[in-house]
Amino acid sequence: MEKKNTARSNSKVHPHIMEDGTTCIHSHEDGTEHKHSHQNTKAVLNRLSRASGHLESVKRMIEDGKDCSEVLIQLSAVIAALNSTGKIILEDHIQNCIVDAIESGDNKSIENLNKAIDRFIK
């Protein structure tokens with residue numbers, strides 16, 4: 001039986017491909033993770049701001065005693081906006097973080113993604 005390199009999995013060794021095409025390999029010996037760059041951060045923040053504004057509108061509708069069916073329609077729009085935002089985050093996470101995790105053999109990130117997907121689609 002072949003012995004696996006446990007230092008690799010414990011120290012989170014992983015590569016990064018730089019803009020010029022060179023590969024940099026490093027690890028996080030203390031177990032900390034670095035912040036990943038996401039492509040859609042601004043779009044996600046804008047969508048969340050809009051969803052938050054719509055939710056405040058729903059809150060005012062309830063305070064003003066608006067018709068329940070109108071409130072439910074607006075609430076469904078907020079839920080749809082949040083689900084759409086979640087899909088963008090998920091896609092970005094898969095294209096960036098999970099690709100890095102697979103390349104570095106980081107099974108914990110993949111397990112965390114599976115847990116997140118289970119909760120997101122409930």
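Reader: What is the relative accessible area of I117?
Author: The model is predicted, so local features need pLDDT of at least 70 and side-chain atom pairs 80 or more, whereas totals for chains, interfaces and linings use all residues. Residues are numbered from 1 along each chain as its sequence is written, and side-chain values use heavy atoms, without hydrogens and water. I117 is partly exposed, a class lying between buried (under 20% relative accessible area) and exposed (over 50%), with a 1.4 Å probe and protein chains only. The relative accessible area of I117 is 25%.

Reader: In which helix is I117 found?
Author: Helices (H or I, at least four residues) and strands (E, at least two) are DSSP runs, numbered from the N terminus. The protein has four helices and two strands, in the sequence pattern α-β-β-α-α-α. I117 belongs to helix 4.

Reader: Which residues of helix 4 make the contact with helix 3?
Author: Contact means heavy atoms within 4.5 Å. Helix 3 contributes N83, G86, K87, L90, H93, I94, I98, A101 and I102. From helix 4 come S109, I110, L113, I117 and F120.

Reader: How far apart are the C-alpha atoms of I117 and L90?
Author: L90 of helix 3 and I117 of helix 4 both take part in the contact of these helices. Along the chain the two residues are 27 residues apart. Their C-alpha atoms are separated by 8.3 Å.

Reader: How is helix 2 oriented relative to helix 3?
Author: Helix 2 spans residues 41-63, and its axis comes within 9 Å of that of helix 3. The two axes cross at roughly 165°. Helix 2 is therefore, relative to helix 3, roughly antiparallel.

Reader: How many residues of the contact of helix 2 with helix 3 are nonpolar?
Author: Among the residues that meet are L48, L55 and V58 in helix 2 and L75, V78 and I88 in helix 3. Four residues of this contact are polar and two are charged. The nonpolar ones (Ala, Val, Leu, Ile, Met, Phe, Trp, Tyr, Cys and Pro, against charged Asp, Glu, Lys and Arg, with the others, Gly among them, polar) number 14.

How values were computed:
Axes fitted to C-alpha atoms, helices over the stretch in contact; angles between N-to-C directions. Parallel < 35°, antiparallel > 145°, perpendicular 65-115°, else oblique.
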